[in-house]
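Please look over the sequence and the structure before reading on.

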Amino acid sequence: MVFNAAVTNNDDHPRNHALLRRQKGWRLSPAYDLVPAPVVSLERRDLGLTVGDDGRTASIYNLLSQAGRFGLPAEEARGDRSTRRCVRHWRDDFFAWGVSVKDIDHIAPAIPPDCFFFFEKQRGA
């Protein structure tokens, strides 16, 4: 869900976040059908699903507001750096995978600036 918000996938739906039944119980499935959408509004990014206390707002604060509903203490939810790393280095990865500069420039407005993960800077991390 954080990745959805971080790439402005405003066509999110419950099937992006499915559960799989495993021998030891239910597990979150790998994400799929995530499509970055270049931003239309410079003031606000919204998702298709309600994800937190502030409804559909695609902000890290809104996403973290409901971490407990997923069995994650807020500190644990903040601690996952893999999504942040992926989003921060997306241009390098796209370029390495052979995506054209034109296509990279087209998708760039879908990716928010580092301030999306602002809580990290406030905490000195």
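## Burial and surface

A residue counts as buried when its relative accessible area is under 20%. In this predicted model, 31% of the 125 residues of the chain count as buried. The accessible surface of the chain is about 8,500 Å², and carbon and sulfur atoms hold 54% of that surface.

## Secondary structure and contacts

The chain has 7 helices and 2 strands. Their order along the sequence is α-β-β-α-α-α-α-α-α. Among contacts in the chain with a separation of 6 or more, 55% join residues 24 or more positions apart.

## Confidence

Mean pLDDT for the chain is 80, with 86% of the residues at 70 or more. Helix H6 (residues 101–107) has the highest confidence, at a mean of 93, while helix H7 (residues 118–122) has the lowest, at 49.

Over residues 120–125 pLDDT stays under 50. For this stretch the model has 10 contacts beyond four places in sequence. Where pLDDT is low, predicted coordinates should not be read in detail.

## The largest pocket

The largest pocket holds about 1,000 Å³ of space. It is lined by 33 residues, of which Met1, Val2, Leu28, Phe70 and Leu72 are the closest to its centre. Helices H1 (2–6), H2 (60–64), H3 (74–79) and H4 (82–88) are the elements that each give two or more residues to the lining.

Sorted by class, the lining of the largest pocket consists of 20 nonpolar, 8 polar and 5 charged residues.

## Asn62

Asn62 sits in helix H2. Why does Asn62 count as buried? Its relative accessibility is 0%, and the cut-off for buried is under 20%.

Setting aside neighbours within four places in sequence, Asn62 contacts Val51, Gly52, Asp53, Asp54, Gly55, Arg56 and Thr57.

## Val39

Val39 is found in the loop that runs between strand S2 (25–28) and H2. Which residues does Val39 contact, leaving aside its neighbours within four places in sequence? They are Thr8, Arg45, Pro109 and Ala110.

Val39 can also be placed relative to Asn9. The two residues are 30 residues apart in sequence, and their C-alpha atoms are 9.7 Å apart in space.

Technical notes
Residues are numbered from 1 along each chain as its sequence is written. This is a predicted model: local features need pLDDT of at least 70, side-chain atom pairs count only at pLDDT 80 or more; totals for chains, interfaces and linings use all residues. Side-chain values use heavy atoms; hydrogens and water are left out. On a 1 Å grid over the protein atoms alone, a cavity is a set of points where a 1.4 Å probe fits but cannot get out, and a pocket is an open set with protein on both sides within 12 Å along at least five of seven lines; lining residues have an atom within 4 Å of a point. Grid points are joined across faces, edges and corners, and a volume is the space filled by probe spheres set on the points. Helices (H or I, at least four residues) and strands (E, at least two) are DSSP runs, numbered from the N terminus. Ala, Val, Leu, Ile, Met, Phe, Trp, Tyr, Cys and Pro count as nonpolar, Asp, Glu, Lys and Arg as charged, and the others, Gly among them, as polar. Buried means under 20% relative accessible area, exposed over 50%, partly exposed in between (1.4 Å probe, protein chains only). Contact means heavy atoms within 4.5 Å. Accessible areas come from the Shrake-Rupley method with a 1.4 Å probe; for residues, only the protein chains shown count as cover. pLDDT is the predictor's confidence in each residue, from 0 to 100.
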